[in-house]
Protein chains: 6
Amino acid sequence: MTTKRADGRADDELRQVRITRNWLDHAAGSVLVEFGGTKVLCAASASEGVPRWRKGSGLGWVTAEYAMLPAATHTRSDRESVKGRIGGRTHEISRLVGRSLRAVVDYKALGENTIQLDCDVLQADGGTRTAAITGAWVALADAVDHLRAAGSLKGEPLTGSVAAISVGIIDGVARLDLPYEEDVRAETDMNVVMTGTGSFVEVQGTAEGAPFDRAELDALLGLAEKGCADLTRLQTESRT
Amino acid sequence: MTTKRADGRADDELRQVRITRNWLDHAAGSVLVEFGGTKVLCAASASEGVPRWRKGSGLGWVTAEYAMLPAATHTRSDRESVKGRIGGRTHEISRLVGRSLRAVVDYKALGENTIQLDCDVLQADGGTRTAAITGAWVALADAVDHLRAAGSLKGEPLTGSVAAISVGIIDGVARLDLPYEEDVRAETDMNVVMTGTGSFVEVQGTAEGAPFDRAELDALLGLAEKGCADLTRLQTESRT
Amino acid sequence: MTTKRADGRADDELRQVRITRNWLDHAAGSVLVEFGGTKVLCAASASEGVPRWRKGSGLGWVTAEYAMLPAATHTRSDRESVKGRIGGRTHEISRLVGRSLRAVVDYKALGENTIQLDCDVLQADGGTRTAAITGAWVALADAVDHLRAAGSLKGEPLTGSVAAISVGIIDGVARLDLPYEEDVRAETDMNVVMTGTGSFVEVQGTAEGAPFDRAELDALLGLAEKGCADLTRLQTESRT
Amino acid sequence: MTTKRADGRADDELRQVRITRNWLDHAAGSVLVEFGGTKVLCAASASEGVPRWRKGSGLGWVTAEYAMLPAATHTRSDRESVKGRIGGRTHEISRLVGRSLRAVVDYKALGENTIQLDCDVLQADGGTRTAAITGAWVALADAVDHLRAAGSLKGEPLTGSVAAISVGIIDGVARLDLPYEEDVRAETDMNVVMTGTGSFVEVQGTAEGAPFDRAELDALLGLAEKGCADLTRLQTESRT
Amino acid sequence: MTTKRADGRADDELRQVRITRNWLDHAAGSVLVEFGGTKVLCAASASEGVPRWRKGSGLGWVTAEYAMLPAATHTRSDRESVKGRIGGRTHEISRLVGRSLRAVVDYKALGENTIQLDCDVLQADGGTRTAAITGAWVALADAVDHLRAAGSLKGEPLTGSVAAISVGIIDGVARLDLPYEEDVRAETDMNVVMTGTGSFVEVQGTAEGAPFDRAELDALLGLAEKGCADLTRLQTESRT
Amino acid sequence: MTTKRADGRADDELRQVRITRNWLDHAAGSVLVEFGGTKVLCAASASEGVPRWRKGSGLGWVTAEYAMLPAATHTRSDRESVKGRIGGRTHEISRLVGRSLRAVVDYKALGENTIQLDCDVLQADGGTRTAAITGAWVALADAVDHLRAAGSLKGEPLTGSVAAISVGIIDGVARLDLPYEEDVRAETDMNVVMTGTGSFVEVQGTAEGAPFDRAELDALLGLAEKGCADLTRLQTESRT
């Protein structure tokens, strides 16, 4: 027996996804990405040069920071700058976003340039890390265009696209793109990052409640493949 | 001899001001305020109870935090959470926003409730602190309505409104509401916070270049009175 | 064409695993676990009471911290206490170890007791997080015995066992339990945490080089199932 | 109706001001400045070179740090070094002192030298920031003499003097140079920094109680002009 | 062959010691202590209550913090509050001062009161920690008188006095009370804390150059006994 | 009347001391040193180059860090990396270990190489700092052999050996090498660091209970001389 989703979606259906480019005036690329009520502002800042440990290598660098505004969550969270330290969750997601984007970057073609992605969650309703990755890729692609227009590139630094989606098992049913109210109830929760050509970049599954078996894992991976393919299409449309 | 302003405004004219209420779903009050290219997201979170040092007093509390997203500025700034400490400028403006709002709060009528204002600059083009104060007051007023609707108030906690504007002397001319390009060239820079009824809450003037005389100070105060009166009108309109 | 593994192991073979219990005198449970050259000291400290947010719930708590001694790595690493902040990787693994153990804990049976696991890597040669989880479970089980002997338990707090192993694709071949020299060359690297009954608790796969396809993912999961089953047996033997 | 001041002063009269030069042996300039019970030790340390961002510019630098000893206040305050972070008030005043001094510095004449002012409050009885600025200028002038005697200057780096005073409205009366007991009761509190020639460098007025009108603001500015002129005279006398 | 001391003192002679009591208005006891050019401001703040871990024990607490102003040293030192962490030397001396004072405190007679000593070095010319201990004891005794006058004591909390002095071997000669220029040249450096009745509280000897033998150690201890006896007399005189 | 020691030792007898060399694979020297139940892992990492302030001097550098694992103590201690700051005791002991080793180092012969000692207490049962120094010297000597074998040395950087022992007065009796249970009951506690030739490097005595007289001090020094001589012999044996 399956309960219907509160927002009426099919189990394999994305929430309404909106990708608004050029939301900021100064950044080389900027995107406000929305997955339903989740809003993430993704800004890509391009600068000449690379971190010290990479100087003289001829290779570029791409890195990312993820953070949440205090009022983004249902109950206000304390500001990490005020606490004086970054929490484990923030660290973890910043690293995930950076790794995901780097999977499709050719550092040689980028040359000794750095692109810094900032993903700031303005409102959180589940799936903030997957929205961040999906939006950040569009901002990154815009920043690459910006560098290309400025004549700063040696070749095409993007070898492809990446998108990410959450999947989970709620009341025994595998579902795509969980909002907050499903996320807190999920027995198993998985975030999957894939390239536009359907390969896996990251798979992170966690048993929040009961451990999951191989069949459940397979079902979740199937849903994620479908969701990432949909997101890839939306990313492409937003850039044309 | 006066040069014209780059954006064609009269010397005593505000930039286009936009006040978009209810920008967030969870906060008791939330406003995206824009002064030209400056965009500040002001969120007011209401919670029962007060800080420990105030417990049992029957009095409420209002406090504020100001911060800037890394990509808000022309050149990306480092994240204060990553640096592990809040800079002096951030501290100073957070304190200013809090003091300005508290000038029109009746703590007794608020009862033992706390309203926390978060003013996050999404894009900076001069006047971020004055936009923050002006927008935060609207968010605060909405949060007060929210508490009133929930039956949590003993009376009317707002004794009036506050708004704030920057004024400065550029090339010898006193001007209202400085964008970034005027701000960096200003000899004298002043931020003025006033109540809706035309009294002063804060006056902060700084000689960035040459010290200023009493006549210049008087001219700046006059401009600020005009600007704050205009903002008060816009605040009122946004709430009706 | 496959190259042989440098240490002569079969692709689906664990390194020599040693589990030495009661390595410390004071902790309720303590294990020195070795996966080849990787040595992790896992200590379980039991204390009455729970963190403040859990008081009065009747439920216990299990948490974990992972860290590395400076000289554990090939090149000495700086001490996080001296740097004054914990790095992202440390945060991430501490959270992973805690979540993995909590997957087999019945908080009600534990009662309002806390068990704190400390996993300190004395020497690192790949797979430190998986060794930590595998050893920490044994230390946890010993601490539970300690609490039971002291009459502090209401029931059986362990619903099962957990073990963890790394798998990866090196030169196109899926391999089990990667030492450092394989880890740095792996195209894809996955850590898998499973219960003693063969269910998944965590699956974390990352494309370090090229993204991976579904078939590769399936091969890695198969290897991990084999490795975790072997570790479960070793855990059981160590406790008898 | 006006109440008399507790210490018998006229409303426009300074407390007893003492400026003791050469209080320390090592610093290039050092002053113990006292405004009544407020005692601030101001030390100016001169060093060759400038911060990295200014190297090669041919310009000097002047900066300041303000702090309070724990036992300076009526009730002991915690040490900021022990808390591991500087409070907002300290940050704010350090920045104010630095800006005030820089208003009368010709960086070109200073050449690539740095003068660092340390203003440490040994005892606080109101007006610590204004005493700090007033004393720091004397220490700065002594440090400049020291550099000149050492042949390190290209010209005269001081374009004038600065002094600062607090003014406020207590029980409806505008008063000069508030001690602690008046400061806590003030409805409006203003700190004014002026040059020796009577121009304004900083004006910082705050409504602590009721907002203030333009007439009150004008009265306060008048008092401050009188007080700063008196302090300028005392600074001059101390240096002859 | 012995060289004469630069300041003309005999090898077993103290520098000029000045103990100025009641240097501050607010603290329960305060002393400016000078050992030659070394100036330390010692303040004793008394408060009702004890730290949490001591509540309900009926016992008091005495603790100390030592710090140095930036301009106290020959070359300016960075502020520990700005660096955000306390250095090892500061930690070490704070602990030494606290332990030394606690050696003559009867916590039962003090009752549940806390006395916090702050020893801030205003100028450093060798022997800052020994001056701090010697002055802090006088401030502590004054604070005890203050508590007694307020009727807050159950008995006599001071079981005696403590004083401290540095001794060292310079050019093969044992000398008392080293100024900075001797301190940096000392082969062996020892700080000794003694009670007024001639017992040892702390002995801390360090071979800065060559290790020292038992005869040298004995000579240094003898000198220290002489110096502490002299300081005890000066402490007593200052309090009468 | 003297009580016998709980572990049956004579008053001037060391606990069982074990020195296990080459405990780690990567470090240039590594020793697990045990003084009874106290276990300290001492690792010496050698690297080319010296800290910035020493560059170009032709001189080497030796430094040390001491720390304790959370579960090393009877009751678990919080991790300093998690607290974000190093405690005073840790700072103090790290400095002591470094100073002690440097007393027997010829920097010129070491050349511009750095040896970093890490002393991590795996289990604490009194005397952790003296075990750390004793073991660290062996690790240092092994690291020096390692550098010599690599042809990186100009001469013999070790001018001798150092060892350290604790002594104390318990129930009026002077005893050598205190375990935790004696340490907490000691009236006086002293740590002594000596060279292999019987000279003193550090003497740190503290009256934990009653102050001590000269005769007691002399008795403790005598015991320490005996203990350090025994340790020197064990160090030598371990290296042959």
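In the predicted model, Arg89(A) is part of helix H2 of chain A, which runs over residues 88–102. Arg89(A) is also among the positions that the unreviewed UniProt entry annotates as "binding site", together with Gly127(A), Thr128(A) and Arg129(A). These positions are spread over 41 residues of sequence but cluster in space, with a largest C-alpha distance of 13.5 Å.

For residues 161–226 of chain A, the corresponding content is 26% helix and 44% strand, with the end C-alpha atoms 15 Å apart.

Chain A is in contact with chain C, and 27 residues from chain A and 27 residues from chain C take part. About 2400 Å² is buried between chain A and chain C, with carbon and sulfur atoms giving 51% of this area. On the chain A side, the residues that lose the most area to chain C are Glu92(A), Phe200(A) and Arg214(A), which together account for 24% of what that side buries.

Six salt bridges are counted between chain A and chain C. One of them joins Arg214(A) to Glu225(C), with the closest N and O atoms 3.1 Å apart. Between chain A and chain C there are also 15 residue pairs in polar contact, both residues being at pLDDT 80 or more. At least two residues of the side of chain A that touches chain C come from each of H2, strand S9 (200–207) and helix H6 (214–238) of chain A. S9(A) supplies the largest share of that side, eight residues. Sorted by class, the side of chain A that touches chain C comprises nine nonpolar, nine polar and nine charged residues.

S9(A) pairs with strand S9 of chain C, residues 200–207, in the antiparallel sense over five bridges. Within this pairing, Gln204(A) has Gln204(C) in S9(C) as its bridge partner.

A further interface is formed by chain F and chain E, where 27 residues of chain F are in contact with 27 residues of chain E. The buried area between chain F and chain E is about 2400 Å², and 51% of it is given by carbon and sulfur atoms. Glu92(F), Phe200(F) and Arg214(F) supply 24% of the area that chain F buries against chain E, more than any other three residues.

The count of salt bridges between chain F and chain E is six. In one of these, Glu92(F) is bridged to Arg95(E), and the closest N and O atoms are 2.7 Å apart. The polar contacts between chain F and chain E number 15 residue pairs, with both residues at pLDDT 80 or more. Helix H2 (88–102), strand S9 (200–207) and helix H6 (214–238) of chain F each contribute at least two residues to the side of chain F that touches chain E. S9(F) gives the most to that side, with eight residues. The residues of the side of chain F that touches chain E comprise nine nonpolar, nine polar and nine charged.

S9(F) and strand S9 of chain E, residues 200–207, are paired in the antiparallel sense over five bridges. Gly205(F) in S9(F) stands opposite Val203(E).

Some chain pairs are not in contact. Chain A and chain E are joined by no contact, and their closest C-alpha atoms lie 11 Å apart. No contact joins chain B and chain F either, and the closest C-alpha atoms of this pair lie 11 Å apart.

Conventions
Residues are numbered from 1 along each chain as its sequence is written. Chains are lettered from A and ligands numbered from 1 in the order in which they are written. This is a predicted model: local features need pLDDT of at least 70, side-chain atom pairs count only at pLDDT 80 or more; totals for chains, interfaces and linings use all residues. Side-chain values use heavy atoms; hydrogens and water are left out. Contact means heavy atoms within 4.5 Å. Buried area is the accessible area (1.4 Å probe) that two parts lose on being put together, summed over both. A salt bridge is a side-chain nitrogen of Lys or Arg within 4 Å of a carboxyl oxygen of Asp or Glu. A polar contact is a pair of N or O atoms within 3.5 Å; within protein, one must be able to donate a hydrogen and the other to accept it, and residues adjacent in sequence count only if both atoms are side-chain atoms. Helices (H or I, at least four residues) and strands (E, at least two) are DSSP runs, numbered from the N terminus. Ala, Val, Leu, Ile, Met, Phe, Trp, Tyr, Cys and Pro count as nonpolar, Asp, Glu, Lys and Arg as charged, and the others, Gly among them, as polar. Two strands pair if DSSP finds at least two bridges between them. UniProt positions are given in the numbering used here, feature names are shortened, and annotations may be inferred rather than shown by experiment.
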